[in-house]
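Please look at the sequence and the structure below with the aromatic rings in mind. The points that follow are meant to be read beside them.

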Amino acid sequence: MLFRKDAYIAGAWVSGKRRFRVDDPATGETIAEVPDLGAAETEAAIAAAHEAFPAWAGELAETRSALLMRWHDALMARADDVATLMTRECGKPLAESKGEVAYAASFLKWFAEEGRRAYGRTIPTTVSSRRYVVTRAPIGVAAAITPWNFPAAMIARKAGPALAAGCTLVVKPPHQTSLTALALMQLAEEAGLPQGVMNMVTTSDAQAVGAALCDSERVRKLSFTGSTAVGKSLAALSAGTMKRVSMELGGNAPALVFADCDLDVAVREVAIAKFRNSGQTCVCVNRVLVEDSIHDAFVEAFSAHVAAMKVGPGLEDGVQIGPLIDDKAMEKVTRLVQSAKDAGAQVVVGGEKHSAGARFYQPTVISGVSQDMAIAQEEIFGPVAPIIRFRDEAEALALANATPYGLAAYAFTQSLARAWRVSEKLAFGMVSLNDGILSTAVAPFGGVKDSGLGREGGGEGLDEYLDVKFTSFGGI
Ligand code: NAP
C-alpha cells in the first residue's frame with residue numbers, strides 16, 4: 001500500500017489522464033508512472049483545502065496534535081520501506097535514507113508538540129476602559145513546493161507546522177521523487193487525515209502547478225524549498241496575491257578550518273558535511289577554507305579519507321556515495337571541475353566520472369582553488385571538495401562571506417574566543433562549530449540573503465503558518 005502511484009485530492013486517489021515516469025538515477029530504469037496533473041487539478045486541490053479549512057482550524061490543537069503523532073508513528077513503523085523507496089528514486093545511500101525518514105518523522109513529532117503551545121499574549125493597556133489581547137490564528141490554505149534531495153523531510157518540515165497550526169495544505173512534490181511523497185500521503189491517510197486537509201498534486205509541469213498556486217487568492221501562504229532562481233520567480237508571482245512566503249533556497253557553505261582545530265575532527269566532520277547525499281544538500285560544504293600552517297596536513301589527511309569512500313548504488317551494502325540525480329547534475333559537476341582545472345587548480349583525488357554508471361562521479365578533492373573560480377561561487381551539488389588557502393582569521397571571514405548566499409557555515413577551532421568571534425561575523429543563517437551536521441527539528445533552519453526568507457523547525461517554524469491578531473476590548 002505504500003507504493004502509491006496516484007495523486008491525492010479531496011481525500012481521494014486521483015489517476016489523471018496523462019502520466020510521467022519516475023526513474024532510478026542509479027540505473028536509469030523506470031520505477032513507476034504517476035499522474036501528470038496541471039492547473040485544473042491544482043485548482044481542485046486548492047478548493048478541497050479551502051473547504052476543509054474552517055473545520056480543521058476549529059479543531060482542538062490537541063486533536064491535530066494526536067493526528068500528527070499517529071502520522072509520526074505510522075512513518076516510523078514503515079521507516080525501512082519508505083527509505084528503500086527513497087533510495088530507489090533519489091539515489092542516496094540506504095543508511096542516509098533511513099536517517100532522513102527519522103529526521104522527517106521528528107518534524108511531525110516536534111510540531112505535534114509545538115502546535116499545543118501557539119500562545120497569544122496580553123499587553124498592559126494605555127486606556128483604562130480598554131484591554132489589549134494578541135491571538136494567533138492559522139493563515140488559511142498553505143502551499144508547499146519541495147525538492148528531490150530530501151524527498152520526505154522537506155514535506156514533513158512544512159506539513160508538520162502547517163497542520164499543527166490549523167492550516168490546510170496543497171503539496172507539489174518534485175517530479176523525481178513523487179513516490180516517497182505519495183508514500184507519506186498514504187501514511188497520513190492511514191493516520192486519519194480528514195478529507196481535503198492535505199492534498200498532493202504530482203506533475204511534470206512544475207511551472208503550471210506553481211503558477212496556479214501562486215496566483216490563487218485562496219492560497220494564503222507559500223512555502224518553497226529549492227533553487228534561488230525558482231524561489232525568486234515564485235516570490236515575485238506570489239506578490240500579486242500578497243501571500244506570505246517562506247523561501248528555503250540554495251547555499252554556498254564555507255568550512256573554515258583554523259590551525260587551532262582538532263585535525264582529526266575537522267577531517268571527519270568536513271567530509272560528513274561535504275559528501276552527504278553525494279554533495280547534493282543545500283547545507284553541503286561548498287568551499288573548504290584552510291589556514292596556511294595546516295593546509296598540507298589537512299589536504300593529505302582529508303584526501304586519504306575521501307579516497308577510501310565507497311561509491312555505488314544506494315541499496316548496496318556500505319555505499320557512501322550514490323549517483324547524482326540526473327544528467328544535468330552530472331554536466332554541472334563535470335563543467336565546474338574542468339573549469340577549476342583550466343584555471344590552475346590541482347585535482348588531488350578523483351576528478352572524473354566513476355565507473356559505477358552514467359550518473360556516478362568520483363569523490364573529489366581539488367586544491368589550489370581561489371574564490372574567483374566558478375567552483376567556489378556556484379553551488380556544486382556534487383561530491384567535489386574545493387580547498388582554498390587562507391592566511392588569518394580576517395581573510396577567512398572575508399572569503400567566507402564573499403557570496404550572495406547565506407545559508408550554513410562551518411568552523412573548526414578549539415579556541416572558544418575565536419568560535420564566538422567567527423560565529424558572530426559569518427553572514428549566514430546557521431553556523432556549526434566543530435561538527436558536520438547542524439539540522440534538527442528543534443532549532444530554526446533557514447538562510448539570509450539569496451538563501452531565502454523565513455525559518456523551518458524550532459518555535460519559529462510554527463510562526464510561519466500563524467497570523468497575529470490584535471483585539472482591543474473597549475467599554476470596560
Ligand atoms: P528546483 O529546480 O528549484 O526545484 C525545487 C522544486 O520547485 C521542485 O518541486 C520543482 O519541481 C519545483 N519547480 C521548478 N521550477 C518551478 C517553477 N518554474 N515553478 C514552480 N515550481 C518549480 O530545485 P532542485 O534543483 O530540485 O533542488 C535543489 C535546490 O534546492 C538547491 O539549490 C538546494 O540548495 C535547494 N535546497 C534548499 C534547502 C533549504 O532548506 N534551504 C533544502 C534543500 C534544497 P520539479 O522537480 O517537478 O521540476
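1. Across the whole structure, a search finds seven aromatic pairs; rings of Phe, Tyr and Trp (its six-membered ring) pair if their centres lie within 6.5 Å, with planes under 30 degrees apart counted as stacked, over 60 as edge-to-face and the rest as tilted.

2. In the pair formed by Phe258 and Phe390, the ring centres are 5.4 Å apart and the planes stand at 70 degrees, so this pair is edge-to-face. Because Phe258 lies in the loop between β12 (253–257) and α9 (263–275), while Phe390 lies in strand β16 (residues 384–390), the pair ties together parts that are 132 residues apart in sequence. Helices (H or I, at least four residues) and strands (E, at least two) are DSSP runs, numbered from the N terminus. Phe258 and Phe390 are both buried, that is, under 20% relative accessible area (1.4 Å probe, protein chains only).

3. The rings of Phe275 and Phe302 have centres 6.4 Å apart and planes at 35 degrees, so that pair is tilted. Phe275 belongs to helix α9 and Phe302 to helix α10 (residues 292–307), so parts 27 residues apart in sequence are tied together. Both Phe275 and Phe302 are buried, and ring pairs link Phe275, Phe298 and Phe302 into a cluster.

4. The charged end of Arg157 sits over the ring of Phe445, 4.1 Å from its centre, where sitting over a ring requires NZ of Lys or CZ of Arg to be within 6 Å of the ring centre and within 35 degrees of the ring normal.

5. This is a predicted model, in which local features need pLDDT of at least 70 and side-chain atom pairs count only at pLDDT 80 or more, whereas totals for chains, interfaces and linings use all residues. Residues are numbered from 1 along each chain as its sequence is written, and side-chain values use heavy atoms, with hydrogens and water left out.

Technical notes. Buried < 20%, exposed > 50% of the residue type's maximum accessible area, 1.4 Å probe, protein only.
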